[in-house]
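Thanks for sending this one over.

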Amino acid sequence: MHAPNPFTLEEWQQAYRDGATPGALLHERLRRLASTGDDPAWILLASETQLDEQLDALAARAAGCADEAARARTLPLYGVPFAVKDNIDIAGLPTTAACPAFSHTAERSAHAVQRLVEAGAVWLGKTNLDQFATGLVGTRSPYGRPASVFAADRVSGGSSSGSAVVVARGDVPLALGTDTAGSGRVPAGFNNIVGLKPTPGRVSTAGVLPACRSLDCVSVFTHTVPAAATVLALIEGPDADDAYSAFAPGPAGWSGPLRVGVPRDPVFSGDAGYAAAFEQALGELRRLGHSAVPIDFAPLHRVADLLYAGPWVAERHAVVQELLARDPQALDPSVRQIVESATAFSATDAFRGQYRLRAAQRDAAALWQQVDVLMVPTAPGHPRFDEVDADPLGANAGLGTYTNFVNLLGWCALAVPAGFTATAAPGGPAVGLPFGITFIAAANADAALARFGAQWQRAMDLPLGGSRRHLENLPAAAAGPAPAAEPTLALAVVGAHLSGLPLNGQLTERGASLLEATTTAPRYRLHALPGTTPPKPGLVRAAARDAGHAIAVEVWEMPQRAVGSFLALIPPPLGLGSIELADGRWVHGFLCESQALADAPDVSAFGGWRAYMASLRGAAA
């Protein structure tokens, strides 16, 4: 039977596979949420009628599916509830941006919301936020101040405060937020959940009230990285209604141990124990086989300064200019102070800022020659409410230390749990405060980042959100779509291009990643080509069916855009052809012209090039 109280996306999907009906589960969930009374995480809950309308539409679509398998393909989020940050439109509902004076009824749903509904998901309501998505604390809202689910005296983080909290405590298994300066990452870190921030332009922001329109991203909150990746796959893609849409899939993954850039002089604040927690995370990174590369973050911090101390604040002013002139008291005092600072900048300042940013983007791009991914604390500390009240702007500014520069540089990021501080918070669960890290990657590397983040989460094996559930306790996730990646070519290598051998760099420098180590079908012969530097083998298909051997190979996945430059490096008598693998698949791979084998010793009996080379070393010793 299904779990009576599904928590994660995986558990909701399993509940429906076990025979639960959306009507029963969702009405029960909505009634429970409504019974809690005044809840600062929610601004609006669906009415029973609105829920029934969604359920009727869902049932009609499900009726058109031939069987459960067809339903899973057509409606991968069948009956899964979700929440929406209240600067994102849902048709027929008010969008307040946490400012009642600004409230207006949306005529159509935002692109991301519509895509989730088309996938079978059901919205349960709108969540609280720092007003006009301006803030990282989660306290700048007339609808209340959500707290971290781990400590009533600590802020939830913002601006997507409500979306993070309702996922962390299990109200819904997924929620949409937005992220301009860290709003989809900081609250994830403070609530022990996953916060996925895609490359700017990967997900349409049509139907999202802008904060900084040129930088805004729709973000995703879930309990697991695979769930976030599934949601990203469903909402990503080009959109003609969004002038900033810029969908460009990148690599599917990275190969081997990674070079992970970390702050050379990490910045921490407060007493949350984050410095020690980050050291533990670095230890885990090294235990997984990756290398930590100290990086000077000063250039990135200078980029971050542009967001609020530069002319980009004028983008926030453009959204609320009319309201600010008509009713300035309608704005939260901190938000008003930030937005009003835009009037100090001129058009000339805006262009000068653009020039500085373009130069910084050029310089920062060189960073990806040194490292594959960055790892930073999601926030330098976890402030209490009284600390924010004492210094609203200062406390907020510090939280953007490792987030503010990412969208300005056009990068993607994934916030994931990394452990807990040593001391439990008063009145909270019997664990310390959650500590989160964020992995940051170059533009369009979203699919690779999700794959890496899933590996990290499996290795950490931490509780999910505010629950005691662990990944190993979850049912198997339903097969769902994956974030789009660029086209690749499966390529079998047999000699000097194998992992750790002299020419392997020709693969890795082109973004190739190792898929598997396997063997050919037992139809091939391997020869040691004389006079080659470095030593190389020649692989040929045996003329007679019973005259061959199974030869060890590695299959690599290479971006198709890099295949041409790789081909140019292959010397005669070698070339690319088609190779049959042990399981019957055919892939492209290295083959040798037969006339070059007359003086090449047959080393097939060794079963592979590594074994043959090892035999030579043994003989020499």
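1. How many nonpolar, polar and charged residues are there in the lining of the largest pocket? The count by class is ten nonpolar, seven polar and five charged. Please keep in mind throughout that this is a predicted model.

2. Staying with that site, the largest pocket holds about 670 Å³ of space. Its lining is made up of 22 residues, and those closest to the centre are Trp254, Trp368, Asp372, Thr508 and Gly511. If you want to find the pocket on screen, these five names are a handy place to begin.

3. Which element gives the most to the lining of the second largest pocket? That is α13, with four residues. By class, the lining of this pocket divides into nine nonpolar, nine polar and four charged residues.

4. Now to the backbone, where two peptide bonds deserve a look. Thr533 and Pro534 are joined by a cis peptide bond, with omega at about -10°. Pro534 sits in the loop that runs between β18 (524–529) and β19 (536–541).

5. The other bond links two prolines: from Pro572 to Pro573 the peptide is cis, and omega is near 10°. You will find Pro573 in the loop between α19 (560–567) and β21 (574–580).

6. Next, a point on phi. Ala98 is not a glycine, yet its phi is positive, at about 60°. This residue lies in the loop between β3 (94–95) and β4 (104–105). Is Ala98 buried or exposed? Ala98 counts as buried because its relative accessible area is 0%, and the cut-off for buried is under 20%.

7. Asn192 is placed in the loop between α7 (186–190) and β9 (194–197). With a relative accessible area of 2%, Asn192 is buried.

Key. Residues numbered from 1 in each chain as written. Predicted model: local features only at pLDDT ≥ 70, side-chain atom pairs only at ≥ 80, totals over all residues. Heavy atoms only, no water. 1 Å grid on protein atoms, 1.4 Å probe; cavity = no way out; pocket = protein on both sides within 12 Å on 5 of 7 lines; lining within 4 Å. Points joined across faces, edges and corners; volume = space filled by probe spheres on them. Nonpolar A, V, L, I, M, F, W, Y, C, P; charged D, E, K, R; others polar. Helix = DSSP H or I, 4+ residues; strand = E, 2+ residues; numbered from the N terminus. Buried < 20%, exposed > 50% of the residue type's maximum accessible area, 1.4 Å probe, protein only.
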